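Have the structure open as you read.

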Amino acid sequence: MTVVALYGRGLGFGDLTLAHHLVAAHVDVPLDDELLVSGDGLTRQSLTAALRGDPGLGVLDRASAAATNRTGAQIGYVTLGLIVTFVAIAVVNTLAMGIADRRHEFTALALAGATRRQIRRMLGWETAVAVTLATALGLAVALAVLSTYAEGITRGTAGAAVPLPELALVLLGATSLAALGTWLPAHTTLRRPHHRP
């Protein structure tokens, strides 16, 4: 094997680029997934006519190939949305059950003279501390993992990019979810009359 070129901006490529016949001898199914073609006077109709006898082959122009890639990205976004929805439901359920289990604690605080407003403020501070710690730990872990991954995949030429508007939106959503998951069960629990146990 002879090295014919070195490339430094190899994102999207493997570590090595080999000739098709060399790779085909070492794989189970030596078929290509895609073949990129360009040329003067080359049309989609002529390529389709040339491949008419081969079933399972299709011809996409540049716009159609980009649309196919967009469809894959949209499926990924839908899947991510479902995951976020299930996580949100789990977070709200966990917070609601935790607050409902503390009913006796709230009763004791009320009997000791605490007002409902003070108890809600206490829960607000607890939620704020939990969200702050979770945000700091989550960002630290994500930054450590993603920056290491980016360094490895780009051979140190790029680091992890942090899109600030999207990050702010995620943090706002997490904070709103925690506040909602705390406030609604607390409102319901504290609205009930306190009885001595």
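Helices here are DSSP runs (H or I, at least four residues), numbered from the N terminus. This is a predicted model, where local features need pLDDT of at least 70, side-chain atom pairs count only at pLDDT 80 or more, and totals for chains, interfaces and linings use all residues. Residues are numbered from 1 along each chain, and side-chain values use heavy atoms, with hydrogens and water left out.

Let's start with Thr 127, which lies in helix α5. Thr 127 counts as buried because its relative accessibility is 15% (buried means under 20% relative accessible area, with a 1.4 Å probe and protein chains only). Leaving aside residues up to four places away in sequence, Thr 127 touches Ala 178, Ala 179 and Thr 182 (contact means heavy atoms within 4.5 Å).

Now for the helix pairs, with axes fitted to C-alpha atoms over the stretch in contact and angles running from 0 to 180 degrees between N-to-C directions:

| Pair | Angle | Axes |
|---|---|---|
| α5 (residues 116–154) and α6 (residues 164–191) | about 150° | 10 Å apart |
| α4 (residues 103–111) and α5 | roughly 130° | within 10 Å |

So α4 is oblique to α5, while α5 and α6 are roughly antiparallel (over 145 degrees is roughly antiparallel, under 35 roughly parallel, 65 to 115 roughly perpendicular, and the rest oblique). In the α4 contact, Glu 105, Phe 106, Leu 109 and Ala 110 meet Ile 119, Met 122 and Leu 123 of α5.

Key: Helix = DSSP H or I, 4+ residues; strand = E, 2+ residues; numbered from the N terminus. Buried < 20%, exposed > 50% of the residue type's maximum accessible area, 1.4 Å probe, protein only.
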